[in-house]
Amino acid sequence: MPELAPLVQVKSLSKSFVLERSWGGKPTSVLKAVDNISFSVAKGEVFGLVGESGCGKTTIGKLICGMFSPDSGQILYDGRDITHLNQKERRSLCTEIQFIFQDPYSSLNPRMTVWQTLSEPIAINGLLPKSEIGKRVDKLLDCVGLASYTKSRYPHEFSGGQRQRIGIARALALNPKFIVCDEPVSALDVSIQAQVLNLLADLKDEFGLTYIFIAHGLNVIKHLSDRVAVMYLGKIMETAPKEGLSNPINPYTKALMSAIPIPDPNRKRERILLSGDVPSPINPGPGCRFASRCFAASPECSLSEPPAQEYEKGHFASCFNAAPAN
């Protein structure tokens with residue numbers, strides 16, 4: 001089977017945030033949110049980003065969507081360099097790239113009805129004549145499982161799951177090709193999470209979408225993703241097809257996998273308990289980000305950064321002492 005052409009390519013992307021400045025305006029404390037990240041997402045693929053809070057997952061998504069400007073590196077969309085676009089160019093690109101936010105409560109304007117929320121981007125971008133916008137809004141609501149009569153309601157009149165469906169409908173309003181899903185189910189009840197995940201899967205097939213799916217849990221990521229990248233403190237530690245995560249290579253991924261509960265009382269998984277302190281993202285040091293907590297660390301790990309190596313087809317890991325679990 002031939003490999004699909006990449007829709008999004010991220011090359012050596014870095015982003016830092018200034019936390020403190022001196023009286024003269026010189027940065028004195030800088031947080032490295034994303035540090036020299038590279039990956040690609042094929043057309044029609046769901047690429048998962050997983051990791052602890054603060055590891056840089058959401059920052060990557062916002063960099064791709066133009067909400068942040070990178071310090072260095074390059075972002076290509078369908079072969080076009082979109083790293084530094086002006087306001088007019090970025091606005092034209094929003095019809096192809098959209099973002100689903102994590103919090104369905106704060107991501108919707110409480111003073112706008114569903115009709116206003118969904119019709120506004122269509123009208124501003126001139127995608128349809130005014131006479132056709134109503135039909136488009138009704139279709140969007142139907143696509144996400146909401147009745148058309150709800151378009152006159154305000155966000156506070158909906159449950160959390162329903163609000164996230166409205167957020168999904170808003171992301172679909174401009175007929176995008178690529179959507180960044182930023183932990184779209186983490187704020188929802190467990191009983192609702194599966195419904196939203198299945199909805200996203202159905203919409204991907206129906207509209208031929210490409211996703212970057214960001215989440216904390218590997219079990220959620222594996223449900224929807226084709227490939228998964230595991231992040232830690234601004235770095236990608238391991239990238240693999242979702243089947244490859246059952247045989248992790250990087251020690252950090254092994255520790256994450258060991259924390260996933262097995263839904264069988266007769267089976268037990270040996271839990272890997274990490275010790276040591278999490279390095280500061282402000283001053284992480286020259287070596288591997290995970291070295292201070294790694295059970296397989298050697299002196300070399302604290303001195304230099306391990307390069308990414310391919311151990312199996314499509315399965316990459318950054319570790320000097322990497323070894324498959326099986």
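Asp 205 has a relative accessibility of 60% in this predicted model, and because the cut-off for exposed is over 50%, Asp 205 counts as exposed. Its partner in a salt bridge is Lys 204, and the closest N and O atoms of the two are 3.9 Å apart. Lys 204 has a relative accessible area of 16%. Buried means under 20%, so Lys 204 is buried.

By the same rule, the count for the structure comes to 9 salt bridges. One of them is formed by the side chains of Asp 35 and Arg 289, with 2.3 Å from N to O. Asp 35 sits in strand β2, which covers residues 27-42. Arg 289 sits in the loop between α8 (251-258) and β11 (308-312). The two residues are 254 residues apart, and the pair links distant parts of the chain. Both Asp 35 and Arg 289 are buried. They also belong to a network of salt bridges, in which Asp 35, Lys 235, Arg 289 and Glu 305 are linked.

Another salt bridge is made by the side chains of Glu 52 and Arg 293, at 3.5 Å from N to O. Glu 52 lies in the loop between β3 (46-51) and α1 (57-64), and Arg 293 lies in the loop between α8 and β11, so this pair ties together parts that are 241 residues apart in sequence. The loop between α8 and β11 is also where Arg 289 is found. How exposed are the two partners? Glu 52 has a relative accessible area of 31% and is partly exposed. Arg 293 has a relative accessibility of 14%, so Arg 293 counts as buried.

The next topic is empty space inside the protein. Rolling a probe the size of a water molecule over the atoms shows where such space is left. The structure holds 1 cavity of 30 Å³ or more. About 70 Å³ of space lies in the largest cavity. Which residues line the largest cavity? The lining consists of Asn 250, Pro 251, Cys 288, Phe 290, Ala 291, Cys 294, Ala 297, Cys 301, Pro 306, Cys 319 and Phe 320. Of these residues, 10 are nonpolar, 1 is polar and none is charged. Cysteine and proline count as nonpolar here, as do alanine and phenylalanine, so Asn 250 is the polar residue of the lining.

Technical notes: Residues numbered from 1 in each chain as written. Predicted model: local features only at pLDDT ≥ 70, side-chain atom pairs only at ≥ 80, totals over all residues. Heavy atoms only, no water. Salt bridge = Lys/Arg side-chain N within 4 Å of Asp/Glu carboxyl O. Helix = DSSP H or I, 4+ residues; strand = E, 2+ residues; numbered from the N terminus. Buried < 20%, exposed > 50% of the residue type's maximum accessible area, 1.4 Å probe, protein only. 1 Å grid on protein atoms, 1.4 Å probe; cavity = no way out; pocket = protein on both sides within 12 Å on 5 of 7 lines; lining within 4 Å. Points joined across faces, edges and corners; volume = space filled by probe spheres on them.
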